[in-house]
Amino acid sequence: MKKDNITILLLEDDEIDAELVRRSIKSQGLKNPLVHAENGEIGLHCLRGTNGYEKITGSYIVMVDINMPVMNGLEFISAVREDPELKDAILFVLTTSDDDNDIAAAYAANVSGYFLKGDVGPHLVKCLDLYNSLVQFPPMAR
Amino acid sequence: MTELFSTLLDTTGFPPRWYCGTAWTQELGWTHIVSDLVIFASYTMIPLVLAFFIFIRKDFPFQSIFLLFISFIFLCGIIHLVEASIFWEPWYRLSGAVKVLTAIVSVATVIALTRFIPQIMKLPKFLNMQLQTILENAPEAIIITDQAGIIESYNPAAERIFQHKEEDVLGNPLSAYIPSKFLLVNDGSIVECNLEKKDRSKVPTEITSSVVHMDHQMKKIFIIRDISTRKDYEEKVALNIELQKSNQELNSFAYIASHDLKSPLRAIRSLSSFVQEDCYSLLPDASKDHLQKIEDRIERMEALLDSLLAYSRIGKQPTQMSNVDCQQIFDTIIEETEAPEDFKFEMHGTMPTLETTPSLFTQVAQNLVENSVKYRSPDRPGEVIISCYDIGKNYEFTIKDNGVGIPKKFHEKAFKAFQRLNSGQEIDGSGIGLATVKKIVEYMGGKVVIDPNVTEGTTITFTWPKKHKNPNISSQQDIQEAS
């Protein structure tokens, strides 16, 4: 599998944070398509292709913020885990919340990693790039 | 006098009784004599016993009646003695005189008895005296009224609570003192109400009243308890709950505020980095410097918000206990500090292994050690001495440095949040470090003080309990013991 085909779905309500990720991807020379959704509900539409949103095809990973309007990150994660088609999705949390309750709730829903926005910076994109190149995706999402 | 006596004792003209008439037999004569003597003996003993009783019980009412009884019974005895002696000495004059005296005392006794009888009738029965004692000693006001509500009894506690005297209220309707709506429920249930004292001030009370039959009459008994102490206590509890609530709100406010403030701050940092990325080379040097300063301030504010968050979280998060090797914790902290080369760290005493919450102990140790490094004196090479001693129920840790020190007048202020004793420019600090230390140490049940007697540098001592008292913190051992 070519790692450049892996779509990155970014759930982020803060446009500047979203731009930071977009810039980091660009500056690290990644070619992966990036889909940006402003909240959990739009994120679900992107994964399901509902409500006029184009469905993400092929392998993807999701970067989820916790605090978002309409549908927050934890609600999104549980909605994905309850959806028989989406339940195996690889989800990372990228948030400002270092609250133990949030971290515990996210891992209880089997996220693949929990990152703090302040900590990662451009390293996160490198880390994702390397992750994408090495990881085996669940069969359903290929 | 002698003449009177000789007249009384004169027996001329009378024969002794044995010779008075012809039918006396020995049996009949001695029957009279012995009986009279036995009666005399008894009538002497009875007054003696009565006299002994009133001599001991001087409090007993109607002493005069007793004296009359004593004299009249004794005189009756004397009459019988004289009667017995007349068998040999016929002193009928003496006998007559004693009878006159006895008659006078008897009449006096009858008059006294008839006069005192109504009062004697009023004497409380034995059971009522016990009740009287209870009434007088009860802490509750106990007021007894007749069926119409006229006060018949008003105990000392009632006088104490309402400040009315018993003699002033007896015969008055109780409704003159207590609003009648509180007097209508007589089923033994408790009515809470504020009642007026004599001086018009109010006293919170609880009234229980019931209807009883006493001496073939219907009576109402009102038992009134002064509950002002309890009310005060209840008010304090309510205030305390409110205080706890507002403290909690303050904590969550601090959490939300610091959390929500972080996101715009991060956005500013990103935006400034975008500017740098896109056009750093185009910027004049002054703008480059300004951008750098923006970043410095952002970092300071982030550190501040982080410590505020940490501060607000103390005691809110579940505390996990484990064995904490203090030596290791201090070693790690010392390794991570940004101390200059010549800064010396020393450890005295044996560092214990504590069963406690690692993150909290680390925060305390780290704040104190970092303060020592941060506030080192520019005039001499820095030095920190960390020591620990076992002082019974607690361990006592002391962190002593030779830094700039804290002026004595600021010692108390130093533990308050956002109190910075130097200007922000000189040393980079959040102003919340010592406040965090104090909050954690006190939460764990210890104490922290700045040694007031140290003139150079700062010496801070804190205690850490070997066994945690805080109910939220239970050791693993406790949990095991419980299960």
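## Sheet of chain B

In this predicted model, strand S1 (residues 141-146) of chain B is joined to S2(B) by 3 bridges, and the two run antiparallel. Within this pairing, B:Thr145 stands opposite B:Ile151 in S2(B). Strands of a sheet pair through backbone hydrogen bonds, and the pairing may be parallel or antiparallel.

S1 and S2 belong to an open sheet of 5 strands in chain B, ordered S2-S1-S5-S4-S3 with antiparallel pairing. The edges are formed by strand S2 (151-154) and strand S3 (187-196) of chain B; each has a single partner strand, so one side of each has no neighbour in the sheet. From one strand to the next, the twist averages 25°.

## Cavities

The whole structure, when searched, contains 3 cavities of 30 Å³ or more. The second largest cavity holds about 50 Å³ of space.

Its lining is made up of B:Ile143, B:Tyr154, B:Phe162, B:His164, B:Leu174, B:Tyr177, B:Ile178 and B:Glu196. By class, the lining residues of this second largest cavity are 6 nonpolar, 1 polar and 1 charged.

A:Ser97 sits in the loop of chain A between strand S4 (90-95) and helix H4 (100-108). A:Ser97 counts as buried because its relative accessibility is 1%, and the cut-off for buried is under 20%.

The side chain of A:Ser97 has a polar contact of 2.5 Å with the side chain of A:Asp102. A polar atom of the A:Ser97 side chain also lies 3.3 Å from the backbone nitrogen of A:Asp99.

Conventions
Residues are numbered from 1 along each chain as its sequence is written. Chains are lettered from A and ligands numbered from 1 in the order in which they are written. This is a predicted model: local features need pLDDT of at least 70, side-chain atom pairs count only at pLDDT 80 or more; totals for chains, interfaces and linings use all residues. Side-chain values use heavy atoms; hydrogens and water are left out. On a 1 Å grid over the protein atoms alone, a cavity is a set of points where a 1.4 Å probe fits but cannot get out, and a pocket is an open set with protein on both sides within 12 Å along at least five of seven lines; lining residues have an atom within 4 Å of a point. Grid points are joined across faces, edges and corners, and a volume is the space filled by probe spheres set on the points. Ala, Val, Leu, Ile, Met, Phe, Trp, Tyr, Cys and Pro count as nonpolar, Asp, Glu, Lys and Arg as charged, and the others, Gly among them, as polar. Helices (H or I, at least four residues) and strands (E, at least two) are DSSP runs, numbered from the N terminus. Buried means under 20% relative accessible area, exposed over 50%, partly exposed in between (1.4 Å probe, protein chains only). A polar contact is a pair of N or O atoms within 3.5 Å; within protein, one must be able to donate a hydrogen and the other to accept it, and residues adjacent in sequence count only if both atoms are side-chain atoms. Two strands pair if DSSP finds at least two bridges between them. Axes are lines fitted to C-alpha atoms, for helices over the stretch in contact, and angles run from 0 to 180 degrees between N-to-C directions.
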